[in-house]
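Please keep the sequence and the structure in view while reading.

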Amino acid sequence: MFLKYFSVFLFIPFISCSQEHRPETKVSWFVLGQDSVSVSVTDYGGKRQPVYINLHDDERTSLQAAIPVLKKYGGVLIKINNSGERNLVCVIDSASYKFDPNRIFSRNGIVQSLVKHKRISNKAIDEIEKFARFILDHLPEHPRLIIALHNNINGSLSISSYSGNGEEAADAAAVSRVHNADPDDFMLTTERTVYELFRNRFNVVLQDNHGARQDGSLSVYFAGKGIPYINCETQHGHLPQFSRMLLAIHDSLDKIIR
Ligand SMILES: [Zn+2]
């Protein structure tokens, strides 16, 4: 029996402001094959709600927008630390495996992500599945709203991907676009209430929670758990747009959180 993971508490000081909470960060490491991956959980107060999750460590604009909102209004931020990279790479029995950390929340998803990245084994699937459980174990006990933080590259994933013949259209129950918004800036939610609340101000996708592909993403995982989920996504660098989304969500929390 060996120590599978270990944790350390850090206190991150910042200039005190009467309206802001003192964030407390706990960093835990998971041993994944021959490597260790760390996950940070920062508690900004406010009864540890909502729960913000940043899985892709290269999507920094989303964090830049979220941290001031967390400092001001509270919540929890869970993030994977991956040296600024999107995909994780691990070495298991001398073979290197690569996967997308937002495709590991079902066994199917793990298999598909490993196949996409050209190498797969039963042991890798098992270890990555344990890593996914490790991340989920860091959630507060009764999460009432999950806000996922993502950025994309101009012209790749966008609101257009979810409509017409778009690659993601099969996963959408409804899509609403606003004319003055960049198609790269959008929300994806599991909740019709959220869709209706924001569809006149932002590009919004309502996920088809029953029909969406079991791709191991957090949106499908939380839909299965019945926990309200909003993925906020803008093009890299669209900080004002991201901040606007998060503040709009904050202003409507009483309507979103049941
Ligand atoms: Zn992402």
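Why is the arrangement of the 4 donor atoms around the zinc ion irregular? The angles that these donor atoms subtend run from 55 to 154°, which makes the arrangement irregular. Four donors count as tetrahedral if all angles lie between 85 and 135 degrees; four count as square planar, and six as octahedral, if opposite donors are over 155 degrees apart and all others between 65 and 115; anything else is irregular. The ideal angle for four tetrahedral donors is 109.5 degrees.

This is a predicted model, in which local features need a pLDDT of at least 70 and side-chain atom pairs count only at pLDDT 80 or more, while totals for chains, interfaces and linings use all residues. Residues are numbered from 1 along each chain as its sequence is written, and side-chain values use heavy atoms, with hydrogens and water left out. The pLDDT, the predictor's confidence in each residue from 0 to 100, averages 93 over the protein, and 92% of the residues score at least 70. Over residues 13-18, however, pLDDT stays under 50. For that stretch the model has 5 contacts (heavy atoms within 4.5 Å) beyond four places in sequence.

The zinc ion has as its protein donors H56 (ND1), E59 (OE), E59 (OE) and H150 (ND1), at 1.9 to 2.6 Å. Donors are N, O and S atoms within 2.8 Å of the metal (3.2 Å for Na, K and Ca); water is not among the atoms, so sites may look incomplete. Along the sequence, the donor residues follow the spacing H-x2-E-x90-H. H56 and E59 are both buried, a term for under 20% relative accessible area, with exposed meaning over 50% and partly exposed in between (1.4 Å probe, protein chains only).

Helix 1 covers residues 60-73. Helices (H or I, at least four residues) and strands (E, at least two) are DSSP runs, numbered from the N terminus. The buried residues of helix 1 include T61, L63, A66 and L70. Among the elements covering its buried residues are strand 4 (51-54), strand 8 (146-152) and helix 6 (239-251). Just after helix 1, G74 takes a positive phi of about 90°.

Another buried position is G109, in helix 2 (residues 107-116), with a relative accessible area of 1%. Beyond its neighbours within four places in sequence, G109 is in contact with R103, Q214, D215 and G216. The C-alpha atoms of G109 and I153 are separated by 23 Å, and these residues are 44 apart along the chain.

Note on methods
Expected span 1.5 Å × (residues − 1).
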